[in-house]
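Open your viewer and get ready to select residues one by one. Each stop tells you what to pick and what is there.

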Amino acid sequence: MKTSKFICTLLIVAVCYSCNSNEDKKAEVTEEEVITDTSSSASTSSDSMQTIVNRSIIWTVDQENPGKEKLKKPEAAIPESLTSAQLIEALNNNFPEIHLNFLKISHDTMYVKIPDSKRLSRELGSTGAENYMASATYTLTELKDIKFVTFKFTPGEHAEPGTYSRDDFKRLR
């Protein structure tokens, strides 16, 4: 019991120390660091994590009026405490046929990869692919200091890899 309290205390100190790092430095986050972050947040039982699970935290496209699709904000405000791993997990849960992998963050850009892009680039059609890319881009740019998302995947008829921002989806506003 004392060992688990010591480990928990050590983890809290490490998190506090890392949160107070120098903001002038532009850090590059790697996939390994996100995996560590994911496992540590999964092992803690915080009330905020439990309440977030039941709410939609991603941007979606309202498709009730074909040809007049509009982006819809998440049902609840996205807490600043959410990580890139948590947002990607939410996107993967809402779009299980298109799996998104985190690669890194560099300056104001998040890099992600879609290992199997057949569904996105060939099967959804141009509108479906654009709607997914808009939803993913808007959701991931909710993170502080993230302005762009670079998607890496095999191009197809309906979707192209590249760097996207919210400005690329003005049609859906």
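Buried means under 20% relative accessible area, exposed over 50%, and partly exposed in between (1.4 Å probe, protein chains only). This is a predicted model: local features need pLDDT of at least 70, side-chain atom pairs count only at pLDDT 80 or more, and totals for chains, interfaces and linings use all residues. Residues are numbered from 1 along each chain as its sequence is written, and side-chain values use heavy atoms, leaving out hydrogens and water.

Start with T139. At 0% relative accessibility, T139 counts as buried. Now show its contacts (heavy atoms within 4.5 Å). Leaving aside neighbours within four places in sequence, T139 touches I57, I58, W59, L87 and L91.

Next, select helix α6, where T139 is found. Helices (H or I, at least four residues) and strands (E, at least two) are DSSP runs, numbered from the N terminus. Twelve of the 16 residues of α6 are buried, including G125, Y132 and L140.

Stay on α6 and pick E130. At 23% relative accessibility, E130 counts as partly exposed. E130 forms a salt bridge with R171, with the closest N and O atoms 2.7 Å apart. The pair links distant parts of the chain: E130 is in helix α6 and R171 in the segment after β7, 41 residues apart. A salt bridge is a side-chain nitrogen of Lys or Arg within 4 Å of a carboxyl oxygen of Asp or Glu.

At 7% relative accessibility, E69 counts as buried. Shared partners join E69, E130 and R171 into one network.
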